[in-house]
Each structure stands twice: as C-alpha cells, then as structure tokens.
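Thanks for coming, everyone. Let me put the structure up, and then I'll walk through it.

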Amino acid sequence: MNCSSSRLFRLGVDLFGNSFCIWFATTVLATALVRAEDVGERWGTEEREREFYPIVNIPLPKDTVIEAGAFAVLPDGRIAVGTRHGEIYLIDGIDAGKPAPSFHRFASGLDEIFGLTWQDGAFRVTQSCEVTRLSDSNGDGVADRFETISDAWGYANYHEYAFGSKLDAAGNQFVALGLSESYYSNARRKDNRVRQRLAKSWWDRIRRARLPFLHRESRTMELFVQFEIRSTKQLSWSSC
Amino acid sequence: MTKEAPTNPNPLYPKNVGYQFRGYYLDEQSVPTFQYRSGTLEIEDRTIAIDDGGTQQLKRILRFESPEPQTVWFRAFVGDFSRESDRVYRSDRLRLTIPVTESPVTESKVRPLPDDPKRLELVLRLQVPQGESTMEFLYELLK
C-alpha cells in the first residue's frame with residue numbers, strides 16, 4: 001500500500017445473524033474524498049455516479065493535509081474527519097449549496113486514524129496503536145483528554161493499520177488489523193496472544209481472500225479485502 | 001524499535017509483564033500528563049520545563065496511587081553516564097539529580113544493559129507507600 005498518497009476509505013458492514021461480513025475498499029488516490037470526482041474520472045464512472053448521488057467539491061484550506069481516513073457526523077451536524085497524519089478536523093458548513101466550510105483542528109498527535117465515531121460527548125478514535133476516547137474537558141474546542149480504551153493487539157510496525165467500525169446496537173466496536181508486512185503477519189508470533197487468537201479464526205481466510213483483489217496500476221494500487229468472521233466474540237478485547 | 005529496525009520484535013512485552021498505558025491529558029499549556037499502570041500501582045508522569053537562573057532543567061514528577069505498600073524498580077537513566085554522588089549522575093549531555101527530601105528511593109544500582117553491555121542503566125528501588133505519594137527528578141540539560 002502506498003501510504004504517501006491520499007486515500008479513499010469505504011467501509012460497509014452487514015450483519016447476517018451470527019455471520020459478520022466486512023468489506024474494505026482502501027484505494028490510494030491522488031486526492032481524498034473531498035475531490036471524489038477524480039475517482040469517477042479515473043474509473044470512467046463519474047456520470048453514472050452522479051445519477052445516484054451528488055458529487056460536490058469541498059474546498060480545503062491551504063497548508064492543511066486532509067488525507068482522510070475516517071468520518072463521523074456530530075449531533076450538531078458538523079462533520080469530523082480523522083486524517084492519516086493523526087489529526088481530527090471539525091468541518092462546519094459542508095452542506096451548503098456552494099460549500100465554503102470552516103475547518104477547526106480539534107486534535108493532533110494521533111497515529112493514522114482509520115476509525116472515528118461519536119459517543120456520549122466524546123470521540124472514539126481507532127488509530128494504529130489503540131482505540132482512544134478523546135474529549136474536551138474544559139470546553140475550549142480542543143481535545144485535552146486522550147484515554148486508552150484498548151491497545152490489546154500490540155503494535156509492531158507501521159503497516160499494522162487498525163480499522164475501527166462504528167458502534168453496533170449493543171455499543172460494541174470491531175477493529176480489523178492490517179498485516180504486519182505484505183503477505184506476513186506478526187500474528188504468527190507465539191508471544192502475541194491477541195493476534196494469535198484472532199489469527200486462529202480468520203487469518204488464513206483473510207490471506208486467501210485478499211490476493212485475487214490485489215493489483216497495481218501505474219500510479220495507484222488498490223486493495224480490496226473481504227473476509228468473514230463467524231463469531232463476533234473472537235474480536236472482543238479486554239478493556240484496560 | 002529504531003529507524004534502522006522499524007519493527008518492534010515484541011510489542012506486547014510491557015503488557016505481558018503487567019504494564020498498561022492508560023492515556024494522557026493536557027493542561028492549559030498543553031503539557032501532557034501520562035497515565036499508566038504497573039500491576040496495582042497507578043502512575044501519573046509529568047515533566048515540566050524550569051528556567052533556573054540560566055540553567056535549563058526538566059522536572060519530572062511521578063505521582064503514585066497504590067492500594068498497599070509495595071516495592072517497584074524504576075529505570076531513571078540509560079546510556080554512557082557516571083556517578084557524581086548517591087543522588088547525582090551525569091553524562092556529557094545530561095545531569096540527573098534525585099532530591100533527598102521525601103524520596104522513596106531506598107537503593108540504586110548502576111549496571112550494564114542486558115541487551116547492550118556497553119551502555120549502562122541506573123535503576124532505583126522505590127518503596128511506594130499505600131495511598132497517594134509523589135517523587136521528583138531533575139534533569140539538567142548540559143548542552
């Protein structure tokens with residue numbers, strides 16, 4: 001995966017009884033979602049996409065790097081964006097006919113945000129190393145409390161991305177872990193009990209499923225992963 | 001885990017020996033206080049800058065909360081350093097001072113690092129009382 005470029009991250013979750021399917025489409029693109037027309041232009045699907053939903057360009061402020069990895073809608077309608085650089089921006093006015101939104105940096109110092117949801121007045125952020133609860137305790141508009149909810153999986157190197165789902169009806173969250181390297185995972189390590197436990201249930205299935213979808217183009221690389229988890233309990237973790 | 005070897009060979013080692021990082025919070029100056037747990041010992045770890053008459057110092061404050069009296073070992077210094085006194089150690093870039101007053105330090109050891117014998121580590125034996133307690137270190141920047 002080329003991590004130096006922006007990416008579009010699509011996550012769909014479907015529940016079928018006790019079977020839980022997650023589709024990941026992580027696409028490295030020249031720009032992020034805010035310039036989604038590039039996707040249609042690249043794939044030749046822009047006009048077809050417009051038949052189903054409007055595509056609007058959102059101007060970005062200068063000197064910001066919005067490599068979007070996760071989104072959340074706040075109760076007041078603002079959009080929160082988590083970035084690969086570990087920042088969270090709150091965007092206001094994104095729904096205007098001709099949007100000229102304001103961007104406010106709510107948090108920084110995190111590590112490749114690929115999961116963002118709002119719960120009880122705080123963000124729940126999935127970053128490479130952990131799931132974190134972020135809150136603004138003094139009301140100045142900037143996060144000042146970063147509470148570790150779980151880091152149970154162990155983070156060995158940069159390629160072990162962590163992708164966090166939204167919360168389900170029972171308040172559970174699911175985290176999918178990237179491989180340690182291409183075609184290799186530290187889940188094989190004897191001392192990594194968490195990743196081993198996960199590996200027993202779906203590591204081989206992931207590896208088989210991902211290969212047919214991996215292909216490379218001249219400047220982009222697309223990775224589609226489909227895997228199935230039979231029991232949601234196998235992805236639970238103990239809170240710290 | 002270094003730039004040359006970017007993979008942590010055992011990322012769960014701290015957790016498997018009872019250490020748990022719990023997060024951090026920022027004060028009005030955005031100075032972080034890190035929170036972690038070692039066994040049953042809750043720890044808050046904060047470092048602030050002090051400009052003391054031209055000398056640049058960092059004061060590190062450890063705040064403990066323990067359900068019972070217990071002994072822990074704390075690694076306070078690593079590298080190529082020497083001992084100036086029971087309470088003062090220095091390298092060519094840093095001087096560490098362990099304040100005498102109300103210090104829970106009951107023993108100190110300087111020994112080679114197990115995985116890098118050319119470098120030293122200073123480990124301190126702390127007698128942590130039941131309830132809340134604190135200790136401080138001063139790090140003076142020499143360069």
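One definition before anything else: two strands pair if DSSP finds at least two bridges between them. Helices (H or I, at least four residues) and strands (E, at least two) are DSSP runs, numbered from the N terminus.

Now the ground rules. This is a predicted model: local features need pLDDT of at least 70, side-chain atom pairs count only at pLDDT 80 or more, and totals for chains, interfaces and linings use all residues. Residues are numbered from 1 along each chain as its sequence is written, while chains are lettered from A and ligands numbered from 1 in the order in which they are written.

Take the chain A part. Strand 8 (residues 122-126) of chain A runs antiparallel to strand 9 (residues 131-135) of chain A, joined by four bridges. Look for Arg124(A): its bridge partner in strand 9 of chain A is Arg133(A). A hairpin of four residues links strand 8 of chain A to strand 9 of chain A. Next, strand 9 of chain A pairs with strand 10 of chain A, antiparallel, over five bridges. There, Val131(A) has Ser150(A) as its bridge partner.

Now cross to chain B. Strand 10 (residues 145-150) of chain A and strand 1 of chain B run antiparallel, with three bridges between them.

What about the contacts between the chains? Two residues are in contact if their C-beta atoms, placed from the backbone, lie within 7 Å. On that basis, 14 residues of chain B are in contact with 15 residues of chain A. Which element gives the largest share of the chain B side? Strand 1 (residues 19-26) of chain B does, with seven residues. By type, the chain B side has seven nonpolar, six polar and one charged. For those classes, Ala, Val, Leu, Ile, Met, Phe, Trp, Tyr, Cys and Pro count as nonpolar; Asp, Glu, Lys and Arg as charged; and the others, Gly among them, as polar.

Further along in chain B, strand 3 (residues 41-52) and strand 4 (residues 55-66) pair antiparallel over eleven bridges. Asp45(B) has Leu62(B) as its bridge partner in strand 4 of chain B. On to the next pair: ten bridges connect strand 4 of chain B with strand 11 (residues 131-141) of chain B, again antiparallel. Leu62(B) turns up here too, opposite Met135(B). Strand 11 of chain B also runs antiparallel to strand 8 (residues 94-97) of chain B, with four bridges. In that pair, Leu94(B) faces Leu141(B).

Next, chain A as a whole. Its secondary structure comes to three helices and 14 strands. Of its 240 residues, 27% are buried. Buried means 20 or more other C-beta atoms within 10 Å of the residue's own, exposed means 12 or fewer, and partly exposed is in between, with C-beta atoms placed from the backbone.

And the cores? A nonpolar core is a set of buried Ala, Val, Leu, Ile, Met, Phe, Trp, Tyr and Cys residues joined through C-beta atoms within 7 Å. The largest has 26 residues. Those touching the most other members are Ala80(A), Val81(A), Ile88(A), Ile113(A), Phe114(A) and Leu116(A). Several strands of chain A each supply at least two residues of this core, among them strand 3 (68-73), strand 4 (79-83) and strand 5 (88-92). A second, separate core of six residues includes Phe81(B), Tyr89(B), Ile98(B) and Phe137(B).

Leu90(A) lies in strand 5 of chain A. Is Leu90(A) buried or partly exposed? Partly exposed, because 19 other C-beta atoms lie within 10 Å. Setting aside residues up to four places away in sequence, Leu90(A) touches Arg78(A), Ala80(A), His104(A) and Phe106(A). The C-alpha atoms of Leu90(A) and Arg78(A), twelve residues apart along the chain, are 6.4 Å apart.

Then Lys15(B), in helix 1 (residues 13-16) of chain B. Lys15(B) is partly exposed, because 17 other C-beta atoms lie within 10 Å. Between the C-alpha atoms of Lys15(B) and Asp27(B), twelve residues along the chain, the separation is 27 Å.
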